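My notes follow, in the order I looked things up.

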Amino acid sequence: MSHSTPDRDSGPQIISEDLISLDTDLGATKEDVISALSQRLADAGRATEADALRDAALARESQSATGLPGGIAIPHCRSEAVVAASLGFARLAPKVDFGAPDGPADLVFLIAAPEGAGAEHMKLLSSLARALVRPAFVGALRDAKTPAEIVTLVNDVLAPAPAAAPAAAAAAAPAPKPEPVAPEKEPEPETGPKHIVAVTACPTGIAHTYMAADSLVAAGERAGVVVHVETQGSSGSTPLAAGVIAGASAVIFATDVGVKGKERFAGKPVVASGVKRAINEPDTMITEALRAGMNPSAATVDAGSAGSAADEPAGSIGWGTHLRQVLLTGVSYMIPFVAAGGLLIALGFLLGGYEISGPAEDIVLNNSLGQLPDGGLTTYLGAVLFQLGSLAFSFLVPALAGYIAFAIADRPGLAPGFTAGAVAVFVGGGFIGGLVGGLIAGGVALWISRIPVPQWLRGLMPVVIIPLFATLIVGALMFLVLGRPLAAITTGMTDWLNGLSGSSVIFLGIILGLMMCFDLGGPVNKAAYAFAVAGLNVNDTASLRIMAAVMAAGMVPPLAMALASTVLRPSLFSEAERENGKAAWLLGSAFISEGAIPFAAADPLRVIPSMMAGGAVTGALIMAFNVTLSAPHGGIFVFFAIGNLLWFVVSLAAGVVVSALCVVGAKEFIKPGASDAELDPDVATVAA
C-alpha cells in the first residue's frame with residue numbers, strides 16, 4: 001500500500017481540496033474562523049453537524065489558546081459529530097488573533113478527530129502538528145498557489161513517499177558489508193550533562209503534546225544536548241526506559257494535565273510548565289534544565305513519587321494559579337462525601353422526620369430489624385440512613401484538608417492532611433480550619449521531602465518519615481497555636497450569618513447567586529458551593545438558607561437555557577443548541593449547572609451575564625422568603641428536604657425567566673463582535 005495515501009483503505013484522506021480556503025476573509029474573530037471551517041467540514045460530509053463541531057472546538061479553545069508563534073493556529077477537538085479524522089485549512093487575509101504571544105495567525109488548521117479515534121488516525125494528526133514547528137513546511141504552506149499544493153504538502157508530511165529509484169537500486173544490489181563506526185564519545189559526567197528527559201501532555205493529546213516534544217528536541221540539538229521525550233498523547237506513547245531516566249541530568253514536565261508515572265523521575269532536578277511554553281520558549285526551558293542539573297539546590301521531583309506541582313520550579317505556573325488549583329483539588333475530592341452523606345441524611349429525614357437527628361445514634365446501636373424501635377420500620381431505617389449519612393458527612397473537612405495536602409505533596413501529604421482536618425473539626429475550626437490545616441500539612445510534608453537523606457533512608461521517607469513528622473508538626477500547630485483562633489473565626493462567622501436579617505441576608509443571597517452562575521462549575525462556582533456545604537447544619541437555620549440559595553441559583557443556568565432554546569426563541573439557537581436545551585431541562589432539575597456549558601462556551605459574553613442576572617434574583621428571593629434546604633444536592637428530587645417548598649419553586653422560576661429573557665434579548669439585539677475574542681480567560685473556564 002502506498003504511504004502517500006494513508007487513509008485510502010480505511011476511509012477518506014484526512015485532507016482534500018474542498019477542505020481548503022486560501023487567502024480569504026473568514027471573519028474578524030477566531031470564533032468566526034472556527035465556525036467557517038466547521039461548516040466546510042460538515043458540507044464535505046466530514047461531520048454530521050457543523051455547530052456541534054464548532055462547539056467542541058471552541059470548548060477546547062477556552063481551555064487554552066491554540067495560537068502558536070509564527071502566525072499559526074491549530075484549533076482542534078474530538079467530537080461525536082466528526083465522521084472521519086479530518087483537517088480543514090485556511091490561509092487568512094486578514095490575519096485573526098488566536099492568542100499567540102507574537103500576534104495574529106494567517107495559517108489555521110482545524111484538526112477534527114472522531115470520539116474514540118483509532119491510534120493510526122491520531123498518529124497522522126500528531127505528525128501534522130509536529131511538522132508545524134518546521135520553518136520549511138510553514139513557508140511552503142504560505143507559498144502554495146492552489147489547494148492541490150496544500151494537499152500534497154500535508155500528505156507528504158503525514159506519510160512521505162519513499163524515493164523509488166534509490167530503493168529499486170538498493171534492492172538489486174547486494175547488501176554492502178557495514179563499515180565499522182567509531183562510537184560517539186560520551187561527555188564526561190564532570191564536564192556536562194549526558195542528556196535530558198521530558199514529558200509532554202495536553203488535555204486533548206492531539207497537537208500541542210507532539211509540537212512541544214519536537215520543539216524541545218530541536219532546542220536540545222541547538223544546545224548540544226540530547227533530549228528524550230515521552231509524549232503522553234492520544235496516539236499512544238512509549239514510556240522512557242528506566243536506564244534513560246536514571247542517566248538524565250534533569251527532567252522537563254511540559255504538561256497541562258497530570259503526568260503518568262511521575263514517580264519514575266523521583267529525585268531528578270525538574271523544570272515544569274504548561275505545554276505551550278515548551279513550544280514558545282523551548283530554548284529557555286532547555287537552558288533552565290541544564291542549570292537545574294548542575295545546581296544541588298534545584299527543585300527536584302519528590303521522592304514520594306509526586307514531583308509535585310508545588311515544587312514551583314523555574315518556568316512553572318504562578319503561586320496564585322497553583323494555590324487555586326490546590327484548593328480546587330481539595331474541594332473536588334470532598335464533593336463525593338458531601339453528595340453521598342447529604343443525600344443519605346435527607347433520605348433519613350424523609351423516613352424518620354427531622355426529629356430523627358437526636359435519637360438516631362441510640363436507635364441504630366440498640367435496635368435491629370428483629371427488634372424495632374418505637375415508630376417501627378420507617379423510624380429504624382430513617383435512623384440508619386441518617387447515621388450513615390452523618391458518618392459520611394463527617395469526612396467532609398478531613399477530606400478537604402487531606403486532598404489539599406495531597407495536591408501539594410502527593411501521597412506523603414495524605415496522612416498529615418487528613419489528621420489536620422480531623423483536628424480542625426475537633427477544635428471547632430470547621431471549614432476554614434480544614435483549609436488552613438491542609439495547606440500547612442502539605443507545605444510541611446513537601447519541606448520534609450526535600451531534606452537530603454542517605455540513600456538507605458529514601459525508601460522510608462514517603463511511607464514513614466514524612467507522614468510521621470508532618471503529622472506531628474501540623475497537629476502540634478493546630479492544637480497549640482491555631483486551634484482557638486480558627487474556632488473563634490468560625491464561631492464568629494456562624495453568629496454573623498445567624499444574625500443577618502432584612503437587606504443584609506438578601507445581599508448575601510445575591511452574592512451567592514452571582515458566584516454560582518459566573519463560571520458554571522469553575523473555581524468561583526465551587527467556592528460558593530463549598531462554603532455552603534461545609535457549613536451545612538440541620539440545627540442552624542442560617543446554613544440551611546445558604547444551602548437553599550446556592551442550589552437554587554445553580555439550577556438557574558441550565559433551566560434558563562432550556563427555556564430560551566426550546567420554548568421562547570428556538571430560532572436564535574443552532575440545532576445542536578436546541579438539542580442541548582432539551583437535555584438541560586433534566587440537568588437543571590437535578591442541580592447540574594454544567595448543563596449550560598455548551599451555550600456559555602459558544603457565546604460567553606451574552607450567556608454568562610444573563611445567567612448571573614437570574615442567579616442573583618433567585619438567591620435574593622430564597623433569602624427573602626426564608627427558604628431552607630437540608631440536602632446539599634439533588635435539585636427538585638430532594639423536595640422533601642426543602643423548607644417553604646412553594647417559595648423555593650417561585651424563586652427558582654423567577655430567576656429562570658429573568659435569565660431566559662435576558663439571553664433572548666442579548667442574542668436578539670446585541671450582535672457578536674471582535675470583542676468576543678477578548679473574553680477574559682477566567683470567564684472562559686466554563687468549558688474546561
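**Entry 1: Ser86.** I started with Ser86 and found it in strand E5, residues 86–96. Helices (H or I, at least four residues) and strands (E, at least two) are DSSP runs, numbered from the N terminus. A word on the ground rules: this is a predicted model, where local features need pLDDT of at least 70 and side-chain atom pairs count only at pLDDT 80 or more, while totals for chains, interfaces and linings use all residues. Residues are numbered from 1 along each chain as its sequence is written, and side-chain values use heavy atoms, with hydrogens and water left out.

Is Ser86 buried or exposed? I noted a relative accessible area of 0%, so Ser86 is buried (under 20% relative accessible area; exposed is over 50%, partly exposed in between; 1.4 Å probe, protein chains only). Its side chain meets that of Arg46 in a polar contact of 3.0 Å. Such a contact is a pair of N or O atoms within 3.5 Å; within protein, one must be able to donate a hydrogen and the other to accept it, and residues adjacent in sequence count only if both atoms are side-chain atoms. Not counting residues up to four places away in sequence, Ser86 also touches Ile14, Leu19, Leu41, Leu110, Ile111 and Ala112 (contact: heavy atoms within 4.5 Å).

**Entry 2: Ser610.** I then looked up Ser610, in helix H24, residues 604–624. Ser610 is buried because its relative accessibility is 4%. Beyond its neighbours within four places in sequence, I found Ser610 in contact with Ser659, Cys662, Val663 and Ala666.

**Entry 3: helix H5.** Which residues of H5 are buried? I listed Ile150, Val151, Val154, Asn155, Val157 and Leu158. They sit on the same side of H5, because they cover an arc of only 160° around the axis (taken from the directions from the helix axis to the C-beta atoms).

**Entry 4: a sheet.** Next I traced an open sheet of 4 strands, parallel in pairing, in the order E8-E7-E9-E10. Strands E8 (226–231) and E10 (270–273) are at the edges with a single partner strand each, so one side of each has no neighbour in the sheet. On average, neighbouring strands here are turned by 15° against each other, direction ignored. Strand E9 (residues 250–255) runs parallel to E10, joined by 4 bridges (two strands pair if DSSP finds at least two bridges between them). I also jotted down that Ile252 has Val271 in E10 as its bridge partner.

Notes
Axes fitted to C-alpha atoms, helices over the stretch in contact; angles between N-to-C directions.
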